[in-house]
Amino acid sequence: MTRRFLFLLGSSRPDGNTELLARRAAEQLPADVEQRWIDLAEHPLPEFEDLRHDSDHRRPTEGNAGLLLDATLAATDLVIASPLYWYSLSAPVKRYLDHWSGWLRTPGLDFKATLSGRTLWGVTALAHEEQEVAAPLIGSLNNSAAYMGMRFGGVLLGNGSRPGDVLRDADALARAKTFFADQAPLARFPYERTGAAVATP
């Protein structure tokens, strides 16, 4: 199967540090790998409405919800590029993941079965020098991948606050060169990995 990368940008500003770092990593992908970039700020989703105890969700076919659903189903590799906002994912990314709950319960969609075995990656820029503060964001992506039966490639971390700062983070730029190079392992919940910590490449 041809690899198809979907990059979902979750920043509240264009050309932010997270996007810059994600694009540096994407530059290393082979030429035959498809790339699609969607800015969630430019394609906002409506607030998620939980209908699980009331009625079935219907498959969105139009608008941003339809676009993002179709793009997600088509991707072999899904890259969440979210800055670290209050130590977790940005609001647009969280809303996108909330919509997974509806897509999981949409008759005939087989959303979980389709994503099972595919790979989830993360990229984030944070203002802290101490990368441990990104643990909630990493955990959210890892656990989401584990629930879906996906592989998890970890999170590429970079340091930056002001525009362009991450381009001065030599360690992050070096990691970006090989971030997508290896096959990611199947995601596991922390309780399934006895004594193991969440790995960050």
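The legends below describe close-up views of a predicted model.

Because the model is predicted, local features need pLDDT of at least 70 and side-chain atom pairs count only at pLDDT 80 or more, while totals for chains, interfaces and linings use all residues. Residues are numbered from 1 along each chain as its sequence is written, and side-chain values use heavy atoms, with hydrogens and water left out.

**View 1**
Helices (H or I, at least four residues) and strands (E, at least two) are DSSP runs, numbered from the N terminus, and two strands pair if DSSP finds at least two bridges between them. Strand S1 pairs with strand S2 (residues 34-39) in the parallel sense over 6 bridges, and Leu9 has Asp39 as its bridge partner in S2.

All 5 of the 5 residues of S3 are buried, where buried means under 20% relative accessible area, exposed over 50% and partly exposed in between (1.4 Å probe, protein chains only). Asp77, Val79 and Ala81 point one way from S3, whereas Leu78 and Ile80 point the other way. In a regular strand the side chains alternate between the two faces of the sheet. S3 and S4 pair in the parallel sense over 5 bridges, with Val123 of S4 as the bridge partner of Ala81.

**View 1. Strands S4 and S5 with helix H5.**
S4 and S5 run parallel and are joined by 7 bridges, and the partner of Gly122 in S5 is Val155. Together with H5, these strands make a right-handed β-α-β unit. Of the 9 residues of S5, 7 are buried, so this strand is largely enclosed by the rest of the structure.

**View 2. Helix H1 and its surroundings.**
Helix H1 is mostly covered, with 7 of its 10 residues buried, namely Asn17, Thr18, Glu19, Leu21, Ala22, Ala25 and Ala26. These buried residues pack against S1, S2, S3, S4, S5 and helix H6 (170-176).

**View 3. Helix H3 and what covers it.**
Helix H3 (residues 91-104) has 14 residues and reaches 20 Å from its first C-alpha to its last, close to the 20 Å expected at 1.5 Å a residue, the expected span being 1.5 Å times one less than the number of residues. Val93, Tyr96, Leu97, His99, Trp100, Gly102 and Trp103 are buried in this helix. Their cover includes strand S1 (4-9), helix H2 (63-74), strand S3 (77-81), helix H4 (111-115) and helix H5 (135-148).

**View 4. The largest nonpolar core.**
A nonpolar core is a set of buried Ala, Val, Leu, Ile, Met, Phe, Trp, Tyr and Cys residues joined through side-chain atoms within 4.5 Å. The largest such core holds 38 residues, of which Leu8, Tyr96, Trp100 and Phe111 touch the most other members. At least two residues of this core come from each of S1, H2, S3, H3, H4, strand S4 (119-126), H5 and strand S5 (151-159), and the largest share, 6 residues, comes from H5. Leaving aside neighbours within four places in sequence, Leu8 is in contact (heavy atoms within 4.5 Å) with Ile38, Leu40, Leu68, Leu78, Val79, Ile80, Ala81 and Tyr96.

**View 5. Salt bridges.**
A salt bridge is a side-chain nitrogen of Lys or Arg within 4 Å of a carboxyl oxygen of Asp or Glu, and a search of the whole structure finds 5 of them. In one, the closest N and O atoms of Arg3 and Asp77 are 2.9 Å apart; Arg3 lies in the segment before S1 and Asp77 in strand S3, so the pair ties together parts that are 74 residues apart in sequence. Arg3 is partly exposed, with a relative accessible area of 32%, whereas Asp77 is buried at 3%. Glu47 forms a salt bridge with Arg95, the closest N and O atoms again being 2.9 Å apart; Glu47 lies in the loop between S2 and H2 and Arg95 in helix H3, so parts that are 48 residues apart in sequence are tied together.

Technical notes. Right-handed = clockwise from strand over helix to strand, strands pointing away.
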